[in-house]
Amino acid sequence: MAGALEEYAQAVDERLHGVDDPAERLAGGVRFSARMAASYPEIMQILCHSQLGRICARDGLAPRAKRDVKEGMAAGRFTVVDPVIALTVLNGRLLALLEQWCNQPEADCDQAAGTMA
């Protein structure tokens, strides 16, 4: 499963290539994940149930998200005090969004992702 998570994270990296603003990268990753739910429901169900956003993971989305939060904090783009708490909240919201989509595929995940990021 770690290989699938890393492959997914690389797809997010490719999609956001050239985006320098860490807040935009983080928001783009959330929107990309929401869109993936509609395009690849089987993959997203597997990822959702395999701890997609494992906060302490050394691979996958976790180190990239942590980098973006820390860079965003340094650039004044985020007002959070603790990057781990910020990642925990973001992870929980993303997993809840994907869980909702798994149970209600007609939900507009892209719109919901826009309220998160």
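Biologist: Why is helix α2 described as largely enclosed by the rest of the structure?

Modeller: A residue is called buried under 20% relative accessible area, exposed over 50% and partly exposed in between, with a 1.4 Å probe and protein chains only. In α2, 13 of the 18 residues are buried, so the helix is largely enclosed by the rest of the structure. Bear in mind that this is a predicted model, in which local features need pLDDT of at least 70 and side-chain atom pairs count only at pLDDT 80 or more, while totals for chains, interfaces and linings use all residues. Residues are numbered from 1 along each chain as its sequence is written, and side-chain values use heavy atoms, with hydrogens and water left out.

Biologist: What span does α2 reach from its first C-alpha to its last?

Modeller: Helices (H or I, at least four residues) and strands (E, at least two) are DSSP runs numbered from the N terminus, and the expected span of a helix is 1.5 Å times one less than its number of residues. Helix α2, residues 22–39, reaches 25 Å, close to the expected 26 Å. The protein chain as a whole has six helices and zero strands.

Biologist: Which atoms come together at the start of α2?

Modeller: A polar contact is a pair of N or O atoms within 3.5 Å; within protein, one must be able to donate a hydrogen and the other to accept it, and residues adjacent in sequence count only if both atoms are side-chain atoms. Here a side-chain oxygen of Asp21 reaches to within 3.0 Å of the backbone nitrogen of Ala23.

Biologist: Is Pro22 buried or exposed?

Modeller: Pro22, which lies in helix α2, counts as buried because its relative accessibility is 8%. Contact means heavy atoms within 4.5 Å, and, leaving aside neighbours within four places in sequence, Pro22 is in contact with Asp68, Glu71 and Gly72. The C-alpha atoms of Pro22 and Arg77 are separated by 7.9 Å, although these residues are 55 apart along the chain.

Biologist: Which residues touch the most other members of the largest nonpolar core?

Modeller: A nonpolar core is a set of buried Ala, Val, Leu, Ile, Met, Phe, Trp, Tyr and Cys residues joined through side-chain atoms within 4.5 Å. In the largest, which has 15 residues, they are Tyr8, Val12 and Met44. Helices α1 (2–15), α2 and α5 (83–103) each supply at least two residues of this core, and the largest share, five residues, comes from α5. A second, separate core of seven residues includes Leu26, Val30, Ala86 and Leu87.
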